[in-house]
Amino acid sequence: MNSLFLKQMNKIGVSQKTNILLAVSGGIDSMVLFDLLLKNNFSFSVAHCNFSLRGCESDEDSTFIKTICDLNSIKFFMKKINTTKYADDNNLSIQMAARKIRYDWFKILREDCNFSFIATAHHCNDSVETLLINLIRGTGISGLHGINNLSDLIRPLLSFSKHDILNYAKKNAIVYREDSSNQDDKYIRNKVRNRIIPIMQEINPNVLNSIGSTITRLRDVERIYNQFIFEKKSSLIS
């Protein structure tokens, strides 16, 4: 996994000297990415949002991450906010509120501290879940490409499955926190992850890989489509 990780970082234009802001929740995905960046001598700092949604458990996550950062001399940024109140004040769902809080803050940190990239630990399974959620809600072609890397937002683990991450964590004795809300099926992503995908795996045990391959093809289709539209607009509009 380590050699492929380095190839992925090189592919998206990130070197050991690149200044990265890593989003860390304390869960297995972000702690594996933390370990990969640390062991390969990348330059990074950590940003953690305490959403105040799980009482003492949320505060313990923050303390855990700060301790790990202090032990490894990694700069640590933390934001604590009452997400429930923010969601109510802005007429948002809890998940959408948390997402807005998180990414708005990351962008502020990136600009204020001159980080080249924000990095998150989204992986292949997350991308498949996103495609399925978009299909359920209704979407156009842009909703079918799953999760992408962006110009200032990178996902170095997109080529890896949850199985790959679990194996790496076990092999390298990665310490992480379990988020109890991941088992709460009131959230649509958890319903897809915990209920729908297991049924799909009964039909095709390799369904995550097959959908992942489809996502790659859909990204190519979207790229061709956007290029065609751009060329048409350029020929018709001045």
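The buried residues of helix H1 (residues 2–11) are covered by parts of the structure that include strand S1 and helix H2; contact here means heavy atoms within 4.5 Å. Helices (H or I, at least four residues) and strands (E, at least two) are DSSP runs, numbered from the N terminus. This is a predicted model, in which local features need pLDDT of at least 70, side-chain atom pairs count only at pLDDT 80 or more, and totals for chains, interfaces and linings use all residues. Residues are numbered from 1 along each chain as its sequence is written, and side-chain values use heavy atoms, with hydrogens and water left out.

**Helix H1**
- Phe5, Gln8 and Met9 of H1 are buried (under 20% relative accessible area; exposed is over 50%, partly exposed in between; 1.4 Å probe, protein chains only).
- Seen down the axis of H1, these buried residues fall within an arc of 100 degrees, so they line one face of the helix; the arc is that of the directions from the helix axis to the C-beta atoms.
- Ser3, Lys7, Asn10 and Lys11 are exposed on the other side of H1.
- After H1 comes Gly13, with a positive phi near 80 degrees.

**Strand S1 and its partners**
- Strand S1 (residues 19–23) is largely enclosed by the rest of the structure, because 4 of its 5 residues are buried.
- S1 and strand S2 (residues 43–50) run parallel and are joined by 5 bridges; two strands pair if DSSP finds at least two bridges between them.
- Leu21 has Ser45 in S2 as its bridge partner.
- S1 is also joined to strand S4 (residues 117–119), by 3 bridges, and these two run parallel.
- Phe117 in S4 stands opposite Ile20.
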